[in-house]
Amino acid sequence: MSSVPSPASFNAALRDVAVSELSRRGFTVLVSDLYAMRFNASATVDDITGELKNSQLFQYGEETMHAWMEGRLSEDIMAEQQKVQQAELIIFQVRGHQDTFPLYWFSVPAIMKGWMDRVLTQGFAFSLERMYDTGVFKDKKAMLSFTTGATETMFQPDGVNGDINVTLWPLQNGVLHFCGFQVLAPQIFWSPAHCPAPVRAAMLEGWRARLGGLPAEEPLSFAPCRLFDLSFRGGFLLRPEAREALGGRRWGLTTGHHLGKPLPPHNQTRSRDSGLTLA
């Protein structure tokens with residue numbers, strides 16, 4: 001899954017390495033180059049064909065859910081959903097109009113956000129009954145791959161941009177894990193625009209080496225749904241017994257479920273278990 005206007009960019013090279021290496025290892029690779037496709041980033045009523053269920057009060061989520069169930073979504077959405085259904089692993093190669101910092105405003109570029117808004121429709125990608133570790137795509141893997149304009153130190157807990165784990169939480173937990181994906185650790189290329197050519201070449205080779213082992217990688221750790229009372233009566237809150245069991249721990253449960261404690265280090269950047277197993 002890529003979004004880039006410049007075929008000569010470092011991010012384009014990252015995409016090409018992924019395509020060539022995965023293909024060489026026998027995988028079938030599909031590429032959605034969102035800029036080349038002129039993918040529409042705006043979620044509107046035009047995403048639905050046929051009559052609306054409620055023409056008096058248009059609610060995008062409800063209408064697209066019904067349209068998905070009845071095969072009435074626009075052709076571009078259905079084409080991308082078919083790719084998602086076929087995929088075992090989706091790599092979101094986050095890219096944009098400037099090669100140095102495509103993680104725009106601490107998030108993905110608008111065109112990729114639009115892909116998430118329009119393609120991951122209710123019913124197809126999630127429901128109240130099927131989310132997080134019981135989600136629709138729990139048998140699929142996904143990951144982010146992106147460059148930064150900032151150095152790695154700038155995204156440390158004491159760096160000027162703050163902890164990169166906090167930056168990644170909405171994307172990795174709120175989008176990917178919410179839909180059930182097993183989220184692999186992100187591939188981050190720190191400030192390539194300010195690196196000499198040999199360092200950039202080493203980054204590409206490091207990415208190539210990692211790609212070979214992706215199928216065997218363990219995903220990031222997220223809080224299991226069984227720790228929460230998933231009912232409106234229970235407020236979807238952490239169960240009292242789980243809260244008590246976690247009370248003596250030094251770290252919070254996850255970057256988002258910090259419980260007023262220090263954030264667990266590397267929760268969104270390393271795939272090792274950070275102590276989320278709870279009897």
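Is Glu 205 buried, exposed or partly exposed? At 46% relative accessibility, Glu 205 counts as partly exposed, where buried means under 20% relative accessible area, exposed over 50%, and partly exposed in between, with a 1.4 Å probe and protein chains only. I shall return to this residue after a word on the model and its overall form.

The model is predicted: local features need pLDDT of at least 70, side-chain atom pairs count only at pLDDT 80 or more, and totals for chains, interfaces and linings use all residues. Residues are numbered from 1 along each chain as its sequence is written, and side-chain values use heavy atoms, with hydrogens and water left out.

Let me begin with the overall architecture. The protein has 7 helices and 4 strands, helices being DSSP runs of H or I with at least four residues and strands runs of E with at least two, numbered from the N terminus. Along the sequence, these elements follow the pattern α-α-α-β-α-β-α-β-β-α-α. The radius of gyration is 20 Å, close to the 19 Å that the globule rule gives for 279 residues, so the protein is as compact as a globular protein of that length. That radius is taken over C-alpha atoms, and the globule rule is 2.2 Å times the number of residues to the power 0.38. Along the principal axes, the C-alpha trace spans about 55 × 55 × 35 Å.

Of the 279 residues, 45% count as buried. Among contacts with a separation of 6 or more, 70% are accounted for by residues 24 or more positions apart; contact here means heavy atoms within 4.5 Å.

I turn next to helix α3. This helix covers residues 75-86, 12 residues in total, and reaches 17 Å from its first C-alpha to its last, close to the 16 Å expected at 1.5 Å a residue. The expected span is 1.5 Å times one less than the number of residues. Which residues of α3 are buried? They are Ile 77, Glu 80, Gln 81 and Val 84. Seen down the helix axis, these buried residues fall within an arc of 105°, so they line one face of α3; the arc is that of the directions from the helix axis to the C-beta atoms. Their packing partners are α2 (60-69), β1 (89-94) and α4 (110-119). On the face turned away from the buried side, α3 carries the exposed residues Glu 75, Gln 85 and Gln 86.

Now to the charged pairs. Side chains of opposite charge can pair when their charged atoms come close. A salt bridge is a side-chain nitrogen of Lys or Arg within 4 Å of a carboxyl oxygen of Asp or Glu, and by this rule the count comes to 14.

Glu 205, with which I opened, meets Arg 208 in a salt bridge at 3.6 Å, N to O. The two residues are 3 apart in helix α6 (residues 197-213) and so are separated by about one helical turn. Arg 208 is partly exposed, at 27% relative accessibility.

Which residues are linked with Glu 205 and Arg 208 in a network of salt bridges? The network also takes in Glu 21, Arg 24 and Arg 25. Within this group, the side chains of Arg 25 and Glu 21 meet at 2.8 Å, N to O. Glu 21 is buried, with a relative accessible area of 3%, whereas Arg 25 is partly exposed at 42%.

A further pair is Asp 139 and Lys 138, whose closest N and O atoms are 3.9 Å apart in their salt bridge. Asp 139 is exposed at 66% relative accessibility, and Lys 138 is partly exposed at 37%.

Arg 38 is found in the loop between α1 (10-24) and α2. Its phi is near 50°, a positive value in a residue other than glycine, and Arg 38 is exposed at 75% relative accessibility. Ser 191, in the loop between β4 (187-189) and α6, likewise has a phi near 50°, again positive in a residue other than glycine. Ser 191 is buried at 5% relative accessibility.

Ser 127 is buried, with a relative accessible area of 17%.
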